[in-house]
Amino acid sequence: MPLCRLLEIQGASTLRLPAIEIKAIGQRRETAARLGELENFDVIIFTSANAVRFGVSLLDQKRDLNLAAMGPATARALNQAGYRVSLQPPAPVPPQSAASGSESLLLHPRLEHLAGHRVLILKGSHGRPFLEEELARRGAEVVAADVYERVPATPAPAVLAALLDRFSAGAVQVITATSLEIAASLLDLATPALRSEFERAHWLVPGERVAAGVRELALTAPLLLADSAEDQDLVAALLRWRSSESGA
């Protein structure tokens, strides 16, 4: 996991506990038939690296499509798959209090006036409808295709018991939840004793929207806010926290 490697380079010890499993949805051939010719879309938006992982085959090696990426990780995934990204959130991205991935992408000038344009969104199921709704409000004909789903992980009791031992020994100070869905899954899978330990740790979350959602889950633990869910922003937030804790 790249985030763990970056943290370990900074001297941290990391524990990996998958809270969400990512699974493909549907059959490629059926999805492709439903969408029709992709050249008929003015923009094709990939909402995440997972959308690239499970949806890039729909592009069928067509290199002249107008592709948009929700953020740097998504753009990298498309580039690694051999595709050029035409649109992504403009730099600099607004601060965490002002925009998340969807809001930042929508700041691109080419997405401002969309009357008469067709937009395809390749995404995970049960995501926020904001992007689709806002594109439609701007005049676009929006087609959304769910190419993957997120389901709660089910760690074995022995795994949760070992995790509780690490918390009880004071070996864990920070819990990283890069989405509200991950935070909710972590809280759901926790035993009562582990939930108590979760309340004593700091939670690292990407931005005000996720922070507000976590509070609605009745979590009272202290929160550390990163500028985004990008690995470098998460690491930067942790370094700022450590610096403030040490008085450096």
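The legends below describe close-up views of a predicted model.

**View 1. The largest nonpolar core of the predicted model.** This core comprises 24 residues, and those with the most contacts inside it are Ile-44, Phe-46, Leu-59, Leu-78 and Leu-120. Two or more residues each are given to the core by strands S2 (43-46), S3 (67-69), S4 (118-124) and S5 (141-152), and by helices H3 (49-55) and H4 (72-80). The largest share, four residues, comes from S5. A second, separate core holds 23 residues, including Ala-19, Ala-177, Val-205 and Leu-223. In soluble globular proteins, nonpolar side chains tend to be buried together.

**View 2. Surroundings of Ile-44.** Residues up to four places away in sequence are not counted in this view. Ile-44 touches Leu-38, Leu-59, Leu-65, Asn-66, Leu-67, Ala-68, Leu-120 and Leu-122. Two of these partners, Leu-59 and Leu-120, are listed together with Ile-44 among the residues with the most contacts inside the largest nonpolar core.

**View 3. Ile-45 in strand S2.** Ile-45 has a relative accessible area of 0% and is therefore buried. Leaving aside neighbours within four places in sequence, Ile-45 is in contact with Ala-68, Leu-105, Val-119, Leu-120, Ile-121, Leu-122, Leu-131 and Leu-135.

**View 4. Packing of helix H7 against helix H9.** Helix H7 (residues 157-168) and helix H9 (residues 192-200) pack with their axes 10 Å apart, at an angle of about 40°. The two helices are therefore oblique to each other, and H7 passes H9 in a left-handed crossing. From H7, the residues Leu-160, Leu-163, Leu-164, Phe-167 and Ser-168 meet Ala-193, Leu-194, Glu-197 and Phe-198 of H9. Sorted by class, this contact has seven nonpolar residues, one polar and one charged.

**View 5. Thr-31 in helix H2.** Helix H2 spans residues 28-35. With a relative accessible area of 12%, Thr-31 falls under the 20% limit and so counts as buried. Not counting residues up to four places away in sequence, Thr-31 touches Leu-58 and Ala-145.

**View 6. Ser-125 in the loop between S4 and H6.** Helix H6 covers residues 130-137. Ser-125 counts as buried because its relative accessibility is 6%. Once residues up to four places away in sequence are set aside, Ser-125 touches Ile-25, Asp-146, Tyr-148, Glu-149 and Arg-150.

**View 7. Gln-61 and Ala-218, each with a positive phi.** Most residues other than glycine have a negative phi. Gln-61, in the loop between H3 and S3, has a phi near 65°. Its relative accessibility of 54% is over the 50% limit, so Gln-61 counts as exposed. Ala-218 is placed in the loop between helix H10 (207-216) and strand S8 (223-226), and its phi is near 70°. At 51% relative accessibility, Ala-218 also counts as exposed.

Conventions. Residues numbered from 1 in each chain as written. Predicted model: local features only at pLDDT ≥ 70, side-chain atom pairs only at ≥ 80, totals over all residues. Heavy atoms only, no water. Core = buried A, V, L, I, M, F, W, Y, C linked by side-chain atoms within 4.5 Å. Buried < 20%, exposed > 50% of the residue type's maximum accessible area, 1.4 Å probe, protein only. Contact = heavy atoms within 4.5 Å. Axes fitted to C-alpha atoms, helices over the stretch in contact; angles between N-to-C directions. Parallel < 35°, antiparallel > 145°, perpendicular 65-115°, else oblique. Left-handed = near helix turned anticlockwise from the far one by under 90°. Nonpolar A, V, L, I, M, F, W, Y, C, P; charged D, E, K, R; others polar.
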